[in-house]
Amino acid sequence: MMMIALSPSLQSFPPIESSHKFSFQKAPAFHNADECNSPTFGKLCVCDPSLVHVAITLDVEYLRGSIAAVNSILKHSKCPESIFFHFLVSETTLETLVRATFPELKFEFYYFDPEKVRGLISSSVRQELEQPLNYARNYLADLLEPCVRRVIYLDSDLVLVDDISKLWSTSLGKKAIGAPEYCHANFTKYFTGYFWSDSRFSGVFSRRNPCYFNTGVMVIDLGKWRRFGYTRRIEKWMEIQKTSPTRIYELGSLPPFLLLFAGHVAPIEHRWNQHGLGGDNVRGSCRELHPGPVSLLHWSGSGKPWLRLDSKQPCPLDSLWSPYDLYGHTT
């Protein structure tokens, strides 16, 4: 397996040694249907058109969640052999762990240099939202191979309870991204009064019907993303936020996505992002499921199921995450 380094600004630096060592149980080999193709790992090419591409970040703090997410995807996929994982990392010491936990997994690591965005990040309501790796999703079109034309981006604090190929087959039409939209949410709260009072900023939503969407679950057309230069357009909004005398938003990586795409999102069924299970961004209070069917459970917010389970103070829905937890112990 190769480390991928596609441009000088994103290529890998010397490995950063982590002060933590994690141990996870070995996942079973998932072969869920006889009709699935099972190419040998050595012959697999990331450009194979039959693959389902999934991108997830891996870091020490959320590693337990990422491993559980991968486990849930494999368990519920009809053809797990067809899934290729693209792991975005800022330290290069986790490959051996992933290989030991999922011996048959098809994946590559992509190093994201934190310095690429450190100077663009503004303070947020939670320190976790300020971590550079949160912004790696903005650079998927640069990091992934040019032959990868579509990818599902997933946060690390979720599990799937349905076949991811259903999400993969979503039609995006002419749109660059698809996500569940929540048009009943108060959209104005995602930006400051200063933003809404200045037509140079608020005018971006003229002739649009913007709705909130959660960036933790997105289907992205990387071809359109590259063609329209969305990475640079996101960076531009981050520069405006950073240099403006008054902030235009408070949250971390979400508002630039809303500025570019709200009102221009291919709608996906809400079942694919039952979000907010981590509670609000401060207290992390317990939440219930939204009405309707469920294909993906997402613990967005400050409360993470593995932390609440370890503290012996879980929320009722945290029991739905625990069957996918492969965590052993730290040393």
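Arginine 247 is partly exposed, at a relative accessible area of 23%. Some cut-offs for that term: buried is under 20% relative accessible area, exposed is over 50%, and partly exposed lies in between, with a 1.4 Å probe and protein chains only. Arginine 247 meets glutamate 250 in a salt bridge, 3.0 Å from N to O. By salt bridge I mean a side-chain nitrogen of Lys or Arg within 4 Å of a carboxyl oxygen of Asp or Glu. Glutamate 250 is partly exposed too, at 39% relative accessibility.

A word on the source. This is a predicted model, where local features need pLDDT of at least 70 and side-chain atom pairs count only at pLDDT 80 or more, while totals for chains, interfaces and linings use all residues. Residues are numbered from 1 along each chain as its sequence is written, and side-chain values use heavy atoms, with hydrogens and water left out.

Back to the charges. How many salt bridges does the rule count? It comes to 13. Take aspartate 325 and arginine 64: their closest N and O atoms are 2.8 Å apart. That pair links distant parts of the chain, 261 residues apart. Aspartate 325 sits in the loop between α11 (305-310) and β14 (327-330), and arginine 64 sits in helix α1 (residues 63-76). Helices here are DSSP runs of H or I, at least four residues, and strands are runs of E, at least two, numbered from the N terminus. Buried or exposed? Aspartate 325 is buried at 17%, and arginine 64 is buried at 9%.

Another bridge joins aspartate 198 and arginine 200, at 2.6 Å from N to O. Aspartate 198 is buried, at 13%, whereas arginine 200 is exposed, at 60%.

Now the disulfides. A disulfide is a pair of cysteine sulfur atoms within 2.5 Å. The whole structure holds four. In sequence order of the bonded cysteines, the pairing runs 1-3, 2-4, 5-6, 7-8.

Start with cysteine 36 and cysteine 79. Their sulfurs are 2.0 Å apart. The S-S torsion is about -75°, so this disulfide is left-handed. The two cysteines lie 43 residues apart, in distant parts of the chain. Cysteine 36 is in the loop between β2 (22-24) and β3 (52-58), and cysteine 79 is in the loop between α1 and β4 (83-89). Cysteine 36 is buried, at 11% relative accessibility.

Next, cysteine 47 and cysteine 147. Sulfur to sulfur, that is 2.1 Å. The link is left-handed, with -80° about the S-S bond. This pair spans 100 residues, from the loop between β2 and β3 to the loop between α4 (140-143) and β6 (150-154). Cysteine 47 is partly exposed at 38%, and cysteine 147 is partly exposed at 30%.

Then cysteine 286 and cysteine 315, with an S to S distance of 1.9 Å. The torsion is about -85°, so the disulfide is left-handed. Cysteine 286 lies in the loop between β12 (266-267) and β13 (296-298), and cysteine 315 in the loop between α11 and β14, so the pair ties together parts 29 residues apart in sequence. Cysteine 286 is partly exposed, at 46%. Cysteine 315 is buried, at 5%.
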